[in-house]
Structure formats: C-alpha cells, structure tokens
Amino acid sequence: SEEGNEERQKHVNTLELFGQTYVQDEWTNIPATVVDKLGRNLHNQKHHPLWLLKERIKDYFYREFIGRCHKPLFSVHDTILPVVTTQQNFDSLLVPPDHPSRHHGDSYYVNAKHMLRAHTSAHQRELVSTGLDAFLLIGDVYRRDTVDRSHFPVFHQVEGMRLFSSQQLFASVTGSGPAGLDLFEAGTRTPSKQESHSLEAAHLVASNLQHTLKGLVHFLFGTSVETRWVPCTFPFTHPSFELEIKFDNAWLEVLGCGVTEQKILHAAGAGDRVAWAFGLGLERLAMVLFAIPDIRLFWSNDARFSEQFKVDDIHQPIRFKPLSPYPPLINDMSFWIPSGESFDDRDFYELVRTIAGNMVQEVKLIDEYTQPGSGRHSRCYRLVYRHAERTLTKAEVDLVHRAIGDAVETQLGVQGRG
Ligand code: FA5
Ligand code: MG
C-alpha cells in the first residue's frame with residue numbers, strides 16, 4: 001500500500017542514535033563501522049588503558065587542585081553523548097563559516113544540523129553556562145582521517161577548562177587580591193593577548209595553564225621527560241599553544257590549549273571572568289606511556305591485550321608486551337580518475353576500512369601520474385594488510401583486496417588499472 005511505502009521510505013531515511021531519531025540528508029556520511037563504535041565508551045571501561053590513563057589524569061587534578069570544603073576543584077564529566085549540533089562543534093567556538101575544519105570530508109555528519117563531535121571543545125560553552133568554574137570532560141571524538149598506526153576514525157579527548165575571577169587570578173601574585181590590577185582593558189590584540197584582556201591577566205592565565213599542563217606531563221611521565229611549547233592558532237583561544245613531548249627522539253604533539261576567547265565566556269554568561277582551556281588526545285599519550293604500537297589495539301577484545309592493564313593500583317607502571325608480531329601482506333592498487341573529477345583520499349580510506357575492517361594496518365599513496373593530453377589522473381596506493389591479533393592468510397587478503405577493487409569502481413566512480 002501507499003502508506004506502507006511511505007512508512008518504509010521514512011524508515012530508510014532516518015538514523016537512530018542513542019534512542020533519538022535523525023532525518024538523513026545529503027550531509028549524512030556515517031558508515032556502519034563508525035556507528036558500531038557509538039556507545040562503546042572505552043574510556044569508561046574499567047581497566048581499559050584509556051580508562052587507566054583517564055584515572056591517572058583525574059588523580060593529578062584531584063591531588064593538585066582542592067576547591068572549597070576540601071572538594072576537588074575540577075568536576076569530571078565523562079558520559080556526555082557524542083552527537084552534537086554543528087552550532088556546538090563550530091559556531092559556539094567562533095569557528096568561522098568558511099573554516100576548513102567544517103569541510104564535509106573532515107567530519108562525520110548525522111545530517112546538515114547534527115554531527116559526531118570532532119572535539120570535546122564542542123561542550124565548553126554549555127558547561128560554562130551551567131556555572132562550572134573548573135572541569136574535565138572526557139569523551140569519544142570522530143574524524144575522517146588517514147589509515148595508519150596512529151590514526152583511527154574514533155579517538156578520545158580530555159578537555160579541561162578553568163575560569164578565574166579577578167580575585168582568584170590576582171590573589172596568587174599579590175597575595176591579597178586585586179591591588180589596582182584589572183582583568184580587562186580596551187586595548188589591542190597582540191600575539192600574546194586579546195584586545196579586551198590586560199597584559200597582566202593574559203600573562204597570568206597563560207602561565208597558570210602552562211604550569212598546570214607541564215605538571216600533568218611530569219606526573220604522568222616523570223620529571224625527566226623533555227617538553228616544549230609550540231605557538232599555534234585555534235579560533236577559540238588566543239594566545240594558543242601546542243605541547244610536545246620528546247619521544248623516541250622525535251617531538252610528539254599531545255595537546256592543544258590556550259587562553260579562551262572572551263566572546264565565548266561572554267556568550268556563556270561568564271564575561272566577568274577569564275579562562276584557559278586545553279584538549280588532549282588520550283590514545284596518543286597512552287601509546288607512548290604504555291608502549292602500545294598500534295591504535296587499533298584499543299578496540300581489541302583479545303584477553304592477551306586487556307589482561308595486561310588489569311592492575312590494582314592505577315599508578316603501577318605498565319609496559320605492553322606486544323602480541324607476537326604477525327607478518328604483513330602487501331598489495332598495491334591503482335586506478336584512473338576521470339579527468340575533471342575530484343577525488344578525496346579519505347573516501348578511499350573509509351571504503352578500505354569499511355570493507356577490510358581491522359585487516360588493514362596502513363594505506364599509503366605511493367605514486368601519482370597525470371596522462372599528458374587526456375588529463376586522466378592515476379593514483380597508486382599501497383595497502384598493508386596486517387591484523388593486530390592474528391595471522392592473515394593470502395587467500396582471505398586476496399578476497400578482500402578484490403572486493404575493495406570492485407567497490408572503488410562502483411562507489412567512487414574510478415577505473416581500475418588492473
Ligand atoms: C583540538 O581538537 C582542540 N579542540 C584542542 C583545544 C582545546 C585547543 C581547548 C584549545 C583549547 P587538535 O585537533 O589539535 O585540537 O587535537 C587535540 C589533540 O587531540 C592533539 O594534540 C592530539 O593529541 C589528539 N589528536 C588529534 N587528532 C588525532 C587523531 N587523528 N588521532 C589521535 N589523536 C589525535
Ligand atoms: Mg593539533
């Protein structure tokens with residue numbers, strides 16, 4: 001019947017997430033492999049390495065910062081659902097309408113209005129609006145990205161934010177509260193401060209931020225770890241920095257942070273305060289801290305992985321003993337992209353993940369060629385097949401590789417080169 005058709009139609013075009021129904025539209029781009037990860041909440045599974053690291057970070061903040069009545073200064077929020085509006089993820093943070101991070105290809109959209117948060121900063125505004133002065137927010141975040149040992153479409157962040165009244169900020173320097181010092185002035189924006197901030201306020205907030213985060217890194221890694229601050233930019237903080245740590249003789253970025261844009265505090269009803277904020281990637285830190293070689297392992301159900309993190313004391317040092325390394329199988333794939341067509345690598349990466357699941361460790365673009373005259377463009381990718389938990393057979397890899405080859409032709413409109 002017509003009614004039945006309509007019913008079915010309605011069913012096909014909606015997406016049910018956390019008991020909420022969303023109408024799909026031309027922005028919808030969440031594959032089933034990502035939907036599967038919703039609600040896993042690795043950071044809330046007792047003894048999971050991400051949970052363990054979260055507990056260590058909470059412990060640092062609980063020990064170092066005591067608020068009124070001997071209560072912890074920072075409240076902890078780790079059950080906030082990852083479906084947010086684009087308003088939360090971008091607009092509330094002053095991300096301009098034409099900012100590259102809004103590109104459809106960068107994020108997972110439920111529809112034009114809703115998305116899976118691309119960072120935990122998406123909740124800053126709402127938490128400040130509820131009157132919180134200091135909080136940690138831990139959650140799963142989602143980004144369309146490359147395929148390698150350190151990238152996965154889902155990872156976890158810890159957001160931290162701390163607000164200061166004039167009294168609180170200046171008490172630390174004068175010992176007696178504001179002595180003719182002001183948080184605000186009608187000034188100009190310079191590389192080290194916002195237009196509405198006094199130089200003293202900007203300096204004090206930034207140094208409190210850096211002191212807090214360096215303390216955290218020393219708490220986690222010991223005081224001998226080498227660190228450095230790298231200036232950077234975010235639409236929601238100024239000045240902004242990234243903290244890098246020296247690991248295996250290379251600098252590794254572990255977090256972004258800065259002095260919160262005053263407009264954000266103002267919009268959240270806290271315009272009389274100044275604040276800092278940071279966002280830290282849990283996987284990246286956990287990989288270094290526990291010597292976990294592959295980001296896919298965090299999703300493992302293999303007891304040989306999870307057993308290694310079952311410790312009574314969260315501070316007990318852990319060094320992951322890799323499961324025996326399984327041999328990689330390497331297969332290349334090349335195809336023609338019709339001239340005039342655009343091609344987004346990440347569409348290919350996602351297709352590979354969808355079809356090959358956990359069998360692929362890495363996808364690398366190894367060659368590109370544009371045919372003179374026709375303008376046809378060819379790309380060659382190297383697919384490294386290697387499961388983190390078992391040996392793959394050549395037969396099963398060939399099967400999957402062929403399925404990917406077929407799918408790129410039917411779904412991405414390219415032409416295989418055989
Ligand atoms: C942000 O997400 C900002 N929201 C951070 C921030 C918060 C800045 C508050 C200022 C104030 P960024 O995209 O650089 O920034 O990510 C922050 C951290 O998340 C990185 O330093 C890294 O540790 C981690 N991260 C980012 N992308 C990935 C990824 N694809 N895989 C694993 N970890 C990642
Ligand atoms: Mg960054």
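The shell around ligand 1 has eight nonpolar, ten polar and five charged residues. Here Ala, Val, Leu, Ile, Met, Phe, Trp, Tyr, Cys and Pro count as nonpolar, Asp, Glu, Lys and Arg as charged, and the others, Gly among them, as polar. The model is predicted: local features need pLDDT of at least 70, side-chain atom pairs pLDDT 80 or more, while totals for chains, interfaces and linings use all residues. Residues are numbered from 1 along each chain as written, chains are lettered from A and ligands numbered from 1 in written order, and side-chain values use heavy atoms, without hydrogens and water.

In total, 23 residues surround ligand 1, each with a heavy atom within 4 Å of it. His 119, Ser 121, Arg 143, Glu 253 and Val 254 are the closest. β10 gives the most to this shell, with five residues.

Now the polar contacts (pairs of N or O atoms within 3.5 Å). A polar side-chain atom of Ser 121 lies 2.8 Å from a ligand 1 nitrogen. For Asp 145, a polar side-chain atom is 3.2 Å from a nitrogen of ligand 1. Gly 281 uses a backbone N or O atom, 3.3 Å from an oxygen of ligand 1. Two or more residues of the shell come from each of β7 (154-164), β10 (250-260) and β11 (274-281), strands being DSSP runs of E, at least two residues long.

Next comes helix α9 (residues 282-290). Eight of its nine residues are buried, so the rest of the structure largely encloses it. Buried means under 20% relative accessible area (1.4 Å probe, protein chains only). Among them are Leu 282, Glu 283 and Phe 290. Just after α9, Ala 291 takes a positive phi of about 60°.

Note on methods:
A polar contact is a pair of N or O atoms within 3.5 Å; within protein, one must be able to donate a hydrogen and the other to accept it, and residues adjacent in sequence count only if both atoms are side-chain atoms. Helices (H or I, at least four residues) and strands (E, at least two) are DSSP runs, numbered from the N terminus. Buried means under 20% relative accessible area, exposed over 50%, partly exposed in between (1.4 Å probe, protein chains only).
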